[in-house]
Amino acid sequence: MSVGAEVAQGNLVDEGLSIRAEMAVYGVQVDAPVRRSKGAGPSDDGHLVVDGANATLPIVADSPYQVRDGSVYRNGLDLGLSVEPVSRPKFYDLTTAEGIPYRQIALLHGKDVLATTVVQTCIRYDESTRCRFCSIEESLRSGATVAAKTPAQLAEVAEAAVRLDGVTQMVMTTGTTNGPDRGARNLVRCVKAVLQAVPGLPIQVQIEPPGDLRVLAELREAGATSIGIHVESLDDEVRRRWMPGKSTVSLAEYEAAWDEAVRVFGWNRVSTYLLIGMGESADELVRGAAGLIDRGVYPFVVPLRPMLGTLARADGVTPPDARVVREVTARVAALLAEAGMRGADQGAGCAACGACSLLSAAGS
Ligand code: SF4
């Protein structure tokens, strides 16, 4: 390729990432049948496939980005991106023998990821201690889900989702429980049950640093492919402000858990969320991501889009500047590429799915 062609291609990638960053922040006008408006974690979105890859984008009625006939338009101009809403999966029509709809047990994320919050309550959900971006118990209050999913229920739903809808991986997260393992041991039982029903299904477990690190090996032995230990911010002041309860778990505990998880699961089988939009500068976020990559941990950088039911949304917090999202994503993607770390190589989980971040659009 000539230097001129390389520069032209680089500009196109830059422009494409700028558009994707704006779509992530301003949302899109589209009718998406698979949506998530409340629950654990930081994004409130419709599930779409953009240029063949999973993408969760806010559905916003007056967004400047409109989806028509499978393409994205802005000011009447076709931006050259293909967009397909994810179809409602067939397993959503099924119900367990006890009468619980499958979709109250697990949801489809993107076109091929089954996601569940095994325990839908959190010891930190008090007004004064809950994470300001999370609404884990709101979906429970609205009746969209059940408080605790049993291993047998998860196995039943996973089998159907793989058979009927071509699900290729599963994500299991949990609200933090009172036990010394903070909920991790329950996931051991869930992973075992699902793998008995669907041998070989890649599963990512997501936990807080467990008090007893030996449970990490138990999760791996149970058959989990990868693990997310999500810190969201590496700045203690930001952590105290945004996560008053969770920030009582020190960064040193996170580091010990990441290191043990990398030892047990392997390099690039461990990931963490870093949220763009809680007050850290681009430089601070990129520096933090570089440190994680050095440890073998994939930094899944995600723009914060406050969900319905969160304290952040009630406070009127808005998503970050799209230019900052683009810059942080591009710089972290370059660091990941240099390290040879690809989200897809996690095998399962958010980095493998990629929908909530722009890293895959940036080539990671
Ligand atoms: S990145 Fe994670 S939270 Fe987002 S859609 Fe994919 S599996 Fe779900």
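Over the ring of which residue does the charged end of Arg 68 sit? In this predicted model, the charged end of Arg 68 sits over the ring of Tyr 73, at 4.1 Å from the ring centre. A charge is counted as sitting over a ring if NZ of Lys or CZ of Arg is within 6 Å of the ring centre and within 35 degrees of the ring normal. Residues are numbered from 1 along each chain as its sequence is written. Because the model is predicted, local features need pLDDT of at least 70 and side-chain atom pairs count only at pLDDT 80 or more, while totals for chains, interfaces and linings use all residues; side-chain values use heavy atoms, with hydrogens and water left out.

Strand E4 (residues 65–68) and strand E5 (residues 71–74) run antiparallel and are joined by four bridges. Helices (H or I, at least four residues) and strands (E, at least two) are DSSP runs numbered from the N terminus, and two strands pair if DSSP finds at least two bridges between them. Tyr 65 stands opposite Arg 74 in E5. The two strands E4 and E5 form a hairpin with two residues between them, and Asp 69 in the turn has a positive phi of about 50°. E5 is also joined to E6 by three bridges, again with the strands running antiparallel. Here Ser 71 has Ser 82 in E6 as its bridge partner. The hairpin of E5 and E6 likewise has two residues between the strands, and Asn 75 takes a positive phi near 50°.

A further sheet is open and consists of seven strands in the order E7-E8-E9-E10-E11-E12-E13, with mixed pairing. Its edge strands, E7 (107–109) and E13 (297–303), each pair on one side only. From one strand to the next, the twist averages 30°; axes are lines fitted to C-alpha atoms, for helices over the stretch in contact, and angles run from 0 to 180 degrees between N-to-C directions. Within this sheet, strand E11 (residues 226–229) pairs with strand E12 (residues 270–276) in the parallel sense over two bridges. Gly 228 has Ser 271 in E12 as its bridge partner.

The structure holds three aromatic pairs. Rings of Phe, Tyr and Trp (its six-membered ring) pair if their centres lie within 6.5 Å, and planes under 30 degrees apart count as stacked, over 60 as edge-to-face and the rest as tilted. The ring centres of Phe 91 and Tyr 92 are 4.9 Å apart and the planes stand at 85°, so this pair is edge-to-face. Phe 91 is buried at 0% relative accessibility, and Tyr 92 is buried with a relative accessible area of 7%. Buried means under 20% relative accessible area, exposed over 50%, and partly exposed in between (1.4 Å probe, protein chains only). Tyr 254 and Trp 258 form a tilted pair, 5.7 Å centre to centre with 55° between the planes. Both residues lie in helix H7 (residues 251–265), four residues apart, about one turn of the helix. Tyr 254 and Trp 258 are both buried.

The residues around the ligand include His 47, His 109, Cys 350, Cys 353 and Cys 356; a residue is near a molecule or strand if one of its heavy atoms lies within 4 Å of it. This shell divides into eight nonpolar, three polar and no charged residues. Ala, Val, Leu, Ile, Met, Phe, Trp, Tyr, Cys and Pro count as nonpolar, Asp, Glu, Lys and Arg as charged, and the others, Gly among them, as polar.
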